[in-house]
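Here is a short briefing to read alongside the coordinates. Have the viewer open, and let's walk through it topic by topic.

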Amino acid sequence: MIMRFCILVLTLCASVSASANDAFGADTEDLLNESDAAAAEVGDVKQEMRQEKARAEKRHEAATKTYNSAVAKRAQVVEQMKQQETEIARLKAEQGRLTAETERISNETVAMQTEIDNSKLQIEQLKQDTLTLTTLRTEKNMALTKVAAERDKVVLDLKDVDMQKQEAEASFNLAKEQEKLATEEMQKLRLEHRQKKARQDAYAAEMNLKKQEAQARLATLQTEKASLNPAATTPEPQTPDAPRGPSTSATTELQVKRKCRIFDKPGKGSTVLGIQSSGTAIAKTREGKSWVAFPMPDGREGFIAKRCLQ
C-alpha cells in the first residue's frame, strides 16, 4: 500500500510538472479535480493502511501468544527432558545393578551346576559301590549256604557215629553179661572176650578217630564261616569222650566249669576259634598268668581263660 501511495504521489507530481511545463495556462479546475481525486485516493490508502495495521497488530498479538505458548511449551519440554534425563540416569543405574545381579546369578548358577555334576558323579560312584557290595553279599550268602549244607552233612555223620558207638557199647554189655552167666566156659569165654574186646577197642578207636576227623572238619568249616560272617553265631564244637582206659598222655586234664570261648593266641588281637562247652575236659600243655593252652581236635593249639576252669 505504501508503494502504491508513493507511485500516486509521483504520478501527481509528474502531472503537475508536466502541466506546468506544457501549459501553465491550463484550467485550474482540472488541477483541483485531480488534486481532490489524489486526496481521496490518499484517504483510501490511509484507510487501507489502518486496516492493514489493525490486521498486523492482530497477527502480532497472535504471534506473541504463539511465541509465549511456544516458550511455555519449550519450558515444559525442557522440564520433561530433565525428568526424562533423571529417569534415564536412574534406569541406567538400575540397569547396571541388574547387570551385576544377573552376572552374580549366572556365576551362582554355574557353581550350582558344578555342584550338581559333582553330586551326580558321587551318586554314580555310590551306585557302583552298592552294586559291588550287593554282588559280594550274594557270593557270601552262597558260600554260607554251602558251608551250612556241609555242616549239616557233618552233623548227620556225627549222629551216625554216635549211633554206631551206642550199638558197640550195647554189644559190649551183652558180651559182659554172657561172660557172667557162662562160668563153666570161663577160660574160653575170657579168651573170646579178650578177642572181642580187642576188636571192640579197635572199632571204638576207629570210631573215635573218625569222630575227631569229623570234628576237625566241622571246626574248619566253623572257622571259615566266622571269617565270612563274623556276626554269625558260632556253634559249639563237640568234645571227644574221654578214653575208657588209663591215660597215657603226660599232659594234665582240667575240667571246664562253664561255657567259654577258645582263642588262637593269648592277649589282644586274638581270634575266636570256637566255644568249649561246660563239663568237658581239656589236656593242659602249658599255661600263663591268666590262660591255659591245650590241643584242639583239629590239631591246632587253643587258648582258654583260667577262670573258665575248675
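Of the 310 residues in the protein, 15% are buried, where buried means under 20% relative accessible area, exposed over 50% and partly exposed in between, with a 1.4 Å probe and protein chains only. This is a predicted model, so local features need pLDDT of at least 70 and side-chain atom pairs count only at pLDDT 80 or more, while totals for chains, interfaces and linings use all residues. Residues are numbered from 1 along each chain as its sequence is written, and side-chain values use heavy atoms, with hydrogens and water left out.

**Overall layout**

- The protein has 3 helices and 7 strands, taken as DSSP runs numbered from the N terminus (helices H or I, at least four residues; strands E, at least two).
- Reading from the N terminus, the order of elements is α-α-α-β-β-β-β-β-β-β.
- Contacts are heavy atoms within 4.5 Å; among those between residues at least 6 apart in sequence, 56% join residues at least 24 apart.

**Nonpolar cores**

- The largest nonpolar core holds 13 residues, and Ile282, Val292, Phe294, Ile304 and Leu309 have the most contacts inside it; such a core is a set of buried Ala, Val, Leu, Ile, Met, Phe, Trp, Tyr and Cys residues joined through side-chain atoms within 4.5 Å.
- At least two residues of this core come from each of strand 2 (260-263), strand 6 (291-295) and strand 7 (301-305).
- A second, separate core has 6 residues, including Val147, Val154, Leu158 and Ala214.
- Beyond its neighbours within four places in sequence, Leu309 touches Leu254, Gln255, Val256, Lys257, Ile282, Val292 and Ile304.

**Second largest pocket**

- The volume of the second largest pocket is about 220 Å³, counted as the space filled by probe spheres set on grid points joined across faces, edges and corners.
- A pocket here is an open set of points on a 1 Å grid over the protein atoms alone, where a 1.4 Å probe fits, with protein on both sides within 12 Å along at least five of seven lines; lining residues have an atom within 4 Å of a point.
- Its lining has 13 residues, with Phe263, Ser290, Ile304, Ala305 and Arg307 nearest the centre.
- Strand 2 and strand 7 each give at least two residues to that lining.

- Trp291 sits in strand 6 and, leaving aside neighbours within four places in sequence, contacts Pro266, Arg286, Phe303, Ile304, Ala305 and Lys306.
- Arg307 follows strand 7, in the segment after it, and is exposed at 58% relative accessible area.
- The C-alpha atoms of Arg307 and Ser290 are 7.7 Å apart, although 17 residues separate the two along the chain.
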